[in-house]
Amino acid sequence: MISTETGSEQRFYGIAASPGICIGKAYLVNREGVQVVQKYELSPDEISHETSRFRAAVKKADDELNAVIANTSEELKQNSAILEAHKVLLKDKLLYGKVLSTIESEQVNAEWALKKVVTEINAIFSRMTDAYFRERADDINHVADRILRNLIGGQHKSIGTIDKRVILVARDLSPADTSQIQLERIKGFITDKGGRTSHTSIIARTLEIPAVLGLHDATRNIRNDDIVIVDGTAGVVIVHPTEQTLLTYEERREHYEGYKAQIRRRSHLPAETRDGVHVRILGNIELTEEVVSVLDHGGDGIGLYRTEFQYMNRKEFPDEFELYDKYRDVVEVMGEKPVTIRTLDINGDKAVAFTPENHESNPALGLRAIRYCLKKPDIFKTQLRAILRAAAHGNVRVLFPMISGVEEIVAARRLLDEAALELSRADVPHNRDIPVGIMVEVPSAVIMADALVRQVDFFSIGTNDLIQYTMAIDRGNQNVAHLFHPLHPALIRMVHRVTQIGLEAGIGVDMCGEMAADPLHVPLLLGLGLTELSMAPASIPAIKRMVRLVSAADGQALLQDILRLEKVRDVVHLVDETYGQLVAQKVYGDMGSAR
Ligand code: PEP
Ligand code: MG
């Protein structure tokens with residue numbers, strides 16, 4: 001980790017993964033990774049074992065409390081009164097009874113049932129104004145943490161049980177870990193591994209948690225409870241800050257929050273360039289709940305719904321109804337606005353625990369995404385039927401990931417037809433007439449774009465993987481993160497080819513990779529002819545603002561200049577020189593370290 005030191009203060013420089021500033025105490029998670037509260041579905045014959053396991057964990061908690069009380073000195077007797085109260089709470093109907101009934105009725109593991117019940121209790125208590133009740137909620141949380149520790153073996157602490165506002169420091173966080181982060185408990189995070197387009201970063205941006213990744217050895221240099229500043233915009237982590245640094249960053253933090261509030265107020269206006277080109281700005285989501293965030297940030301629809309997260313933290317594949325139910329929720333909330341549902345993109349770095357195929361030595365080049373789905377037509381068709389059913393409720397588009405050639409899209413479309421036929425035969429309401437698109441994220445798809453264009457209604461350019469596969473750069477590897485550049489002339493030429501072919505043929509072309517989320521790239525993307533961009537919801541307001549500041553004609557001129565350049569450095573320099581100041585001043589305003 002690159003670092004500088006002033007007095008006791010240490011600064012570390014990593015990858016600016018998710019913007020914003022936070023200040024707090026470090027919380028180191030297990031070196032081998034994070035043990036999170038995972039959800040498992042149980043078969044009926046496993047339920048009684050699970051309820052016994054829960055009872056045993058409660059009994060153990062009771063024994064622990066008895067031991068603590070027995071060892072409490074006379075002067076601290078008041079403390080043991082609290083512990084006595086905790087003992088009563090252990091068996092409280094609201095907690096104990098409810099967890100047992102949740103295990104039974106929902107057929108889920110004890111940890112998950114406990115987490116669910118405690119979340120519900122907290123929601124009820126948080127609505128109460130009386131301080132007495134709010135304190136009871138704290139007591140219940142303490143008791144629940146103790147039971148949970150016993151359930152998961154005590155050595156690990158799960159992200160879900162962290163009970164103070166902390167900055168998480170981890171070697172790595174898997175997408176499954178990050179998807180469990182509870183916003184109100186985590187201020188920010190720092191990891192040794194990961195790049196800007198790793199899924200950890202993507203989720204951090206979606207959750208709007210400041211994050212600095214790829215620090216190599218943060219877990220060795222930072223200790224529990226160290227005071228830490230995370231500047232996720234500049235990619236800087238400051239440990240043991242001086243008084244002066246704290247003051248400066250507190251000011252910057254307030255400034256940034258003010259900027260966010262201000263930019264958000266204007267985010268509902270349409271994005272139109274100075275020369276009248278309307279650009280549709282959509283949101284990328286991972287979890288159903290994020291759909292609200294897209295609307296809040298002024299998104300014109302969902303350009304990428306990554307569906308794989310619904311397959312994580314469980315023992316089996318979800319069934320058609322469960323998927324349909326989730327998709328329908330999203331589609332109904334969005335109303336007329338488009339919802340682009342991307343079919344399952346596992347394994348790669350989003351491995352599903354119950355698939356044996358996840359032990360590939362090189363998963364990014366393995367049985368991933370469409371390849372996996374074509375090998376498992378039953379799993380695939382279950383999802384396709386759910387999508388077609390949800391399509392009856394709104395404006396749905398289906399998007400196939402990792403298409404590398406014509407055969408794959410033909411095969412995928414055939415399965416989509418079969419899924420529709422099955423629904424028709426069973427008389428299940430659905431909508432067969434939906435736009436079909438492919439992610440263009442594998443170099444062979446760019447080369448074959450002239451043929452692929454005849455098979456689809458739209459192309460969606462995924463720059464995260466397109467860069468990874470074109471330049472041979474593992475998107476999650478911090479050692480090569482400095483080479484991962486969207487302004488590489490090779491990438492620009494590829495995007496140029498795809499947009500030209502798509503637009504000439506009259507199909508839709510959009511970009512949903514991270515390249516679309518940087519205001520500096522907007523003029524170039526407009527010059528390439530893109531009028532639909534999709535990104536993490538939090539990035540929408542800044543991109544809309546940038547669109548309003550520039551003209552498509554200037555973008556075209558910039559593109560022509562860029563196409564004459566051969567080096568990344570020259571392209572970066574030209575873009576920065578032409579638009580850097582505008583972005584710094586008019587998009588981000590004076591945000592101190594922000595840019
Ligand atoms: C991409 O590859 O650019 C993309 C948007 O998909 P994902 O990040 O989910 O691989
Ligand atoms: Mg991809």
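**View 1. Strands β12 and β13 pair in the parallel sense.** In this predicted model, three bridges hold this pairing of β12 and β13; strands are DSSP E runs of at least two residues, helices are H or I runs of at least four, and both are numbered from the N terminus. Two strands count as paired if DSSP finds at least two bridges between them. Look for Ile 302, which stands opposite Val 339 in β13. On to the next neighbour: β13 also runs parallel to strand β14 (residues 395-400), joined by five bridges, and here Val 339 stands opposite Val 396.

**View 2. Strand β13 (residues 338-342) is mostly covered.** Five of its five residues are buried, where buried means under 20% relative accessible area, exposed over 50% and partly exposed in between, with a 1.4 Å probe and protein chains only. Pro 338, Thr 340 and Arg 342 point one way from the strand, while Val 339 and Ile 341 point the other way.

**View 3. Phe 400 sits in the largest nonpolar core.** This core has 104 residues, and Phe 400, Phe 459 and Leu 533 have the most contacts inside it. A nonpolar core is a set of buried Ala, Val, Leu, Ile, Met, Phe, Trp, Tyr and Cys residues joined through side-chain atoms within 4.5 Å. Leaving aside neighbours within four places in sequence, Phe 400 is in contact (heavy atoms within 4.5 Å) with residues including Thr 343, Ile 370, Phe 380 and Met 439. Apart from this core lies another, of 32 residues, among them Val 58, Ile 69, Tyr 96 and Val 118.

**View 4. The largest cavity has a volume of about 80 Å³.** A search of the whole structure finds one cavity of 30 Å³ or more. A cavity is a set of points, on a 1 Å grid over the protein atoms alone, where a 1.4 Å probe fits but cannot get out; lining residues have an atom within 4 Å of a point. Grid points are joined across faces, edges and corners, and the volume is the space filled by probe spheres set on the points. Of the 16 lining residues, Arg 306, Arg 342, Met 439, Glu 441 and Asn 464 are the closest to the centre. Helix α17 gives the most to the lining, with three residues.

**Notes.** Residues are numbered from 1 along each chain as its sequence is written, and chains are lettered from A and ligands numbered from 1 in the order written. Local features need pLDDT of at least 70, side-chain atom pairs count only at pLDDT 80 or more, and totals for chains, interfaces and linings use all residues, while side-chain values use heavy atoms, leaving out hydrogens and water.

Terms used:
1 Å grid on protein atoms, 1.4 Å probe; cavity = no way out; pocket = protein on both sides within 12 Å on 5 of 7 lines; lining within 4 Å.
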